[in-house]
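Subject: Structure handover

Hi,

Here is the structure for you to take over. Please open it alongside these notes.

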Amino acid sequence: MAEVTLRQQIYDSINKAGRILIPLPPMPSGGALASALALAEFLKKMNKEPWIVCSGSVPQKYRFLPGLEQVQQQLQESRSFVIAVRTI
């Protein structure tokens, strides 16, 4: 029997989920915001329902990013799968 790779495990987990939460820190960096927005677009192409949540406000200097209207400050309902975005 072939061993399931980590990549395949991640793909399978995402594929099984319908709604996916992408949490951001209260003061997200530009990299974290851009990564979350790009991930959300990728997930939409997989027919998933991504939800980006940031408990703080998005800094003014990042308000030019396309798709920023997707970032919510509170969770409306529970999500079936969570993907954390962390940039260094």
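Below is what I found in it.

This is a predicted model: local features need pLDDT of at least 70, side-chain atom pairs count only at pLDDT 80 or more, and totals for chains, interfaces and linings use all residues. Residues are numbered from 1 along each chain as its sequence is written, and side-chain values use heavy atoms, with hydrogens and water left out.

Start with helix α2, residues 30-45. Helices here are DSSP runs of H or I, at least four residues, and strands are runs of E, at least two, numbered from the N terminus. At 1.5 Å times one less than its number of residues, α2 should span 22 Å; its end C-alpha atoms lie 23 Å apart, which agrees. Its buried residues (under 20% relative accessible area, 1.4 Å probe, protein chains only) include Leu-33, Leu-37 and Leu-43. The buried residues of α2 pack against α1 (6-16), β1 (19-24), β2 (49-54) and β3 (71-72). Just after α2, Asn-47 has a positive phi of about 60°.

Last, Gln-70. It sits in the loop between β2 and β3. Gln-70 is buried, at 17% relative accessible area. Its side chain makes a polar contact of 3.3 Å with that of Glu-41 (N or O atoms within 3.5 Å, one able to donate a hydrogen and the other to accept it; residues adjacent in sequence count only if both atoms are side-chain atoms).

Best wishes

Technical notes:
Buried means under 20% relative accessible area, exposed over 50%, partly exposed in between (1.4 Å probe, protein chains only). Contact means heavy atoms within 4.5 Å.
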